[in-house]
Amino acid sequence: MAAKFGIKTTSSFFLVLCLTVIMFFTLSCFAADPDPLQDICVADLNSTIKINGYPCKPESEVTSDDFFYSGLVEESSTDNPEGFGRRPGDVKYFPGLNTQGLTVNRIDLAPGGIIPLHVHPRASESNFVIKGLVLFGFITTDDILYAKVMKPRELSIIPRGLVHFAVNVGKGKADLLAVFNSQLPGFANIPTNLFNSTPTIADYILAKNFRVDEKVIAIIKSKFGPNNSLSTGTWKDI
C-alpha cells in the first residue's frame with residue numbers, strides 16, 4: 001500500500017510540474033530572457049567564455065540526458081533558521097534550459113517556515129502550491145501589500161522585481177513549485193543584503209534608514225553570520 005501511495009504521489013507531482021511548465025513556457029508574453037536563435041543550446045558550464053548566459057555545448061556532445069532532469073523529485077532539507085529548502089531547476093543545474101527562458105524550483109517549507117523578503121531582478125514568478133497552506137505576499141513600489149493564503153492547486157503571480165515573501169501557515173509541511181520566466185532569475189535576499197553584505201554597510205547608515213540606535217543594528221547583524229542565515233545556503237547560487 002505504501003509503495004502504491006508513493007507512486008501515486010510522485011505521478012501527481014510530475015503532472016503538476018508538467019502543466020505548470022507548459023503554461024509558462026508556451027506563453028510568449030511571459031518571456032524575460034532573449035528569444036533563442038537556434039533549436040537547442042545546452043549550456044557549457046565549463047566554458048571560460050563570459051557572455052549573457054552560457055555558451056552552447058557542441059551539438060556533437062549533446063545527449064538526450066541534457067534535456068531531462070530529476071532534481072526536483074526528492075524533498076529538500078528545511079533544517080535551517082528559516083525552515084525552508086529548495087531543489088533548484090535553473091540552468092546551472094539543468095543545462096538544457098540554456099536560452100529557453102525558464103526556471104522551475106521545488107520549495108519545501110516546514111511548519112512556520114518562511115521564504116525571507118526578497119526580489120528576483122530578472123524574472124516574474126508564478127507559484128503553484130502542491131501541499132499545505134502558504135501565505136504569499138508582495139509589495140508594490142507604492143508600498144501596497146497584496147497577500148493571500150494559498151491552498152493546494154492554487155496559482156499566484158509575483159511581478160518582476162517586487163519585494164515578496166512566503167510563509168507556511170499550515171500545521172504540516174508545505175510543497176510548491178516556483179516557476180520563473182528566466183533561466184537565471186536572480187535572488188536578492190533583503191535581510192542578508194542589508195545586514196550581511198561584503199563589505200558591510202556602516203551601522204550608522206542602517207540606523208538612519210530604520211530610525212533606530214546603532215546598537216540595535218549591531219545586534220541584528222550578529223544574527224546574520226555565516227552559520228545563522230541563508231547567506232551561504234539555499235538561495236545564494238540562484
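C56 counts as partly exposed, at 37% relative accessibility, where partly exposed lies between buried, under 20% relative accessible area, and exposed, over 50%, as found with a 1.4 Å probe on protein chains only. This cysteine forms a disulfide with C41, their sulfur atoms being 1.9 Å apart, and C41 counts as buried at 4% relative accessibility. The model is predicted, so local features need pLDDT of at least 70 and side-chain atom pairs count only at pLDDT 80 or more, while totals for chains, interfaces and linings use all residues. Residues are numbered from 1 along each chain as its sequence is written, and side-chain values use heavy atoms, with hydrogens and water left out.

**The disulfide**

- By the rule that a disulfide is a pair of cysteine sulfur atoms within 2.5 Å, the count for this structure comes to one.
- The link of C41 and C56 is left-handed, with -100° about the S-S bond, and it connects distant parts of the chain, 15 residues apart, with C41 and C56 each placed in the loop between α1 (2-26) and β1 (84-87).
- In general terms, a disulfide is a covalent bond between the sulfur atoms of two cysteines.

**The sheet β6-β5-β8-β3-β10**

- Five strands in the order β6-β5-β8-β3-β10 make an open sheet with antiparallel pairing; strands here are DSSP runs (E, at least two residues) and helices are DSSP runs (H or I, at least four residues), numbered from the N terminus, and two strands pair if DSSP finds at least two bridges between them.
- Because β6 and β10 stand at the edges with a single partner strand each, one side of each is left without a neighbour in the sheet.
- Leaving aside residues up to four places away in sequence, A147 touches L135, F136 and G137, contact meaning heavy atoms within 4.5 Å; A147 and H164, 17 residues apart in sequence, are 9.3 Å apart in space from C-alpha to C-alpha.

**The sheet β1-β2-β9-β4-β7**

- A further open sheet of five strands has the order β1-β2-β9-β4-β7, with antiparallel pairing, and its edge strands are β1 and β7 (155-158), each of which pairs on one side only.
- From one strand to the next, the twist in this sheet averages 25°.
- Strand β1 is joined by four bridges to strand β2 (residues 103-109), the two running antiparallel, and F84 stands opposite L109 of β2.

**Helices and aromatic rings**

- The axes of helix α3 (residues 203-210) and helix α4 (residues 214-222) come within 8 Å and cross at roughly 105°; axes are lines fitted to C-alpha atoms, for helices over the stretch in contact, and angles run from 0 to 180 degrees between N-to-C directions.
- This makes α3 roughly perpendicular to α4, since angles of 65 to 115 degrees count as roughly perpendicular, under 35 as roughly parallel, over 145 as roughly antiparallel and the rest as oblique.
- The contact is made by D203, Y204, L206, A207 and F210 of α3 together with E214, I217, A218 and K221 of α4.
- A search of the whole structure finds four aromatic pairs, and ring pairs link F195, F210 and F224 into a cluster; rings of Phe, Tyr and Trp (its six-membered ring) pair if their centres lie within 6.5 Å, with planes under 30 degrees apart counted as stacked, over 60 as edge-to-face and the rest as tilted.

**Backbone geometry in the loops**

- As background, most residues other than glycine have a negative phi, and most peptide bonds are trans.
- T198 and P199 are joined by a cis peptide bond with omega of about -10°, and P199 is placed in the loop between α2 (190-195) and α3.
- T99, although not a glycine, has a positive phi of about 70°; T99 sits in the loop between β1 and β2 and counts as buried at 18% relative accessibility.
- D143, also not a glycine, has a positive phi of about 65°; D143 belongs to the loop between β5 (134-139) and β6 and counts as exposed at 67% relative accessibility.
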